[in-house]
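This briefing is intended for a reader new to the structure shown below. Please keep the sequence and the model in view while reading.

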Amino acid sequence: MLAAELRLHEVRVLVLEKDTEPVSFARIVGLHIRSLELLAMRGLLERIAAHGRRRPAGAYFAAIDRPAPAEVDSAHAYLLGIPQPVLVRLLEEHTIDQGTQVRRGCAVTGLEQDDNGVTVELADGERLRARHLVGCDGGRSTVRKLLGVGFPGEPSRTETLMGEMAADLPQPELAASDRRLSLRPAGAGLYRVVVPAAGVSDRADPPTLEDFRQQLRAVAGTDFGVHSPRWMSRFGDATRLADRYRVGRVLLAGDAAHIHPPLGGQGLNLGVQDAVNLGWKLAAEIRGWAPETLLDTYQSERRPVAADVLDNTRAQTELSSDEPGPRALRRLFLELMEFDEVNRHLLEKITAIGVRYDFGPGPDLLGRRLRDLDLGQGRLYDLMHRGRGLLLDRTGRLNADGHRDRVDRVGDPTADLEVPAVLLRPDGHVAWIGDDQRDLDDHLTRWFGGATSIDKR
């Protein structure tokens with residue numbers, strides 16, 4: 001996703017992947033509302049959605065069974081379940097079509113940086129040179145370790161097996177199983193199986209079907225006749241957040257910067273959203289028009305979002321415990337989530353449509369993402385496929401002429417905007433609201449640099 005964002009701005013990109021082949025297990029992941037919106041902004045959603053399955057936007061928080069609140073503020077208010085290898089393949093094909101080079105079997109073992117760039121050493125001794133490096137290499141990130149960036153938090157206390165597989169016993173018997181495990185229909189005769197992993201094979205090895213059978217028998221007294229697994233995985237509840245997202249010309253994104261329990265299904269989504277926040281800023285730095293502090297806003301904006309995700313997954317973990325205190329708290333949450341505003345707040349938190357970046361004082365809309373409006377001339381997100389800024393001007397008097405290489409303008413949009421004009425960043429967040437040209441010019445400079453275009457590769 002990050003490579004695709006950079007290619008929108010004609011930045012040369014090389015992706016180094018240590019695995020020689022794509023992952024083989026077909027784990028299903030869920031794309032939340034904000035991720036779906038970002039994919040729609042780049043014209044990717046229709047292609048990706050064709051390979052997934054829509055599910056209702058509800059029962060995210062600690063798997064508490066509540067429907068989505070009424071009138072969720074999005075044109076994409078659903079969960080899209082899609083096999084992770086399919087999603088990776090589609091994004092990889094897309095960015096290769098844009099001109100990204102992808103090299104497999106290339107493990108990074110060392111790096112050095114200076115004022116002009118970064119030198120990367122590969123396992124076979126090859127050395128590569130680039131202007132910047134971004135470690136998107138997971139919770140055990142080699143890049144983060146080479147940088148010496150701290151990764152404080154809590155280690156795993158428990159581990160869990162999760163997979164999709166067929167089962168011989170009928171649904172009523174499955175539904176009556178022990179609370180420490182979960183077996184839910186997953187379509188096409190399959191069940192999503194979640195069971196404690198204590199006492200099974202080494203955590204470094206992929207789980208086996210026998211591991212699932214063993215744990216099901218230990219917890220429920222039966223293995224339910226599970227067979228024909230579609231995918232199987234293991235996860236822990238470690239919770240950690242990188243001290244820094246940037247050290248000079250090297251940055252971290254996704255699980256390299258944050259890990260947390262998978263409750264709420266936020267991990268992959270958080271990484272995709274990191275990439276879209278970082279992409280245009282890093283491209284601006286490389287192209288030469290970035291304001292001095294723009295790249296630093298990647299950490300100042302995204303690290304607090306990750307910290308909030310870590311906190312809400314901690315809370316969900318506690319609510320999932322079988323201890324008397326957490327069970328009482330879960331019953332309280334069941335009551336509270338009957339209130340539409342409580343349910344809405346939790347849904348917006350999990351799906352990231354409630355994120356508001358701190359851009360200074362101003363209306364509540366400032367710093368928030370703007371939903372996909374019908375502008376009369378087309379849908380808002382359809383006008384953002386190129387990853388540029390966008391000025392929506394209802395006054396007919398404003399312009400972004402000095403930044404027309406970076407910012408598009410829509411005059412007199414017919415959308416129901418309650419403000420005279422807004423300036424959107426390439427990630428869809430509202431950077432300015434008002435009707436004064438001089439004030440707009442100041443904010444154009446703040447986010448998009450000076451009016452003179454500088455073209456540097």
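Two strands are said to pair if DSSP finds at least two bridges between them. Helices (H or I, at least four residues) and strands (E, at least two) are DSSP runs, numbered from the N terminus. This is a predicted model, in which local features need pLDDT of at least 70 and side-chain atom pairs count only at pLDDT 80 or more, while totals for chains, interfaces and linings use all residues. Residues are numbered from 1 along each chain as its sequence is written, and side-chain values use heavy atoms, with hydrogens and water left out.

**Strand β4 and its partners**

- Strand β3 (residues 53-56) runs antiparallel to β4, and four bridges join the two; Arg-54 stands opposite Leu-80 in β4.
- Strand β2 (residues 28-31) also pairs with β4 in the antiparallel sense, over four bridges, and here Gly-30 stands opposite Gly-81.
- Six of the six residues of β4 (residues 78-83) are buried, so this strand is largely enclosed by the rest of the structure. Buried means under 20% relative accessible area, exposed means over 50%, and partly exposed lies in between (1.4 Å probe, protein chains only).
- Tyr-78, Leu-80 and Ile-82 point one way from β4, whereas Leu-79, Gly-81 and Pro-83 point the other way.

**A sheet of three strands**

- An open sheet with mixed pairing has the strand order β9-β17-β16. Its edge strands, β9 (133-135) and β16 (246-247), each pair on one side only.
- Between β16 and β17 (residues 250-252) the pairing is antiparallel, over two bridges, and Val-247 stands opposite Val-250 in β17.

**Salt bridges**

- The structure holds 37 salt bridges, each being a side-chain nitrogen of Lys or Arg within 4 Å of a carboxyl oxygen of Asp or Glu.
- Glu-93 forms a salt bridge with Arg-47, with the closest N and O atoms 3.0 Å apart. This pair links distant parts of the chain, 46 residues apart: Glu-93 is in helix α4 (residues 84-98) and Arg-47 in helix α3 (residues 45-49). Glu-93 is partly exposed at 31% relative accessibility, as is Arg-47 at 32%.
- The salt bridge of Lys-281 with Glu-301 has its closest N and O atoms 2.8 Å apart. The pair links helix α8 (residues 267-287), which holds Lys-281, to helix α9 (residues 297-319), which holds Glu-301, across 20 residues. Lys-281 is buried, with a relative accessible area of 0%, and Glu-301 is buried at 7%.
- A network of salt bridges links Arg-34, Glu-37, Asp-73, Arg-369 and Arg-371.

**Lys-349 and its surroundings**

- Lys-349 is found in helix α11 (residues 340-351) and is partly exposed, with a relative accessible area of 25%.
- Leaving aside neighbours within four places in sequence, Lys-349 is in contact (heavy atoms within 4.5 Å) with Gln-266, Asp-308 and Asn-312.
- Lys-349 and Asp-308 are 41 residues apart along the chain, and their C-alpha atoms are separated by 8.6 Å.
- A polar contact of 3.1 Å joins the side chains of Lys-349 and Asp-308. A polar contact is a pair of N or O atoms within 3.5 Å; within protein, one must be able to donate a hydrogen and the other to accept it, and residues adjacent in sequence count only if both atoms are side-chain atoms.
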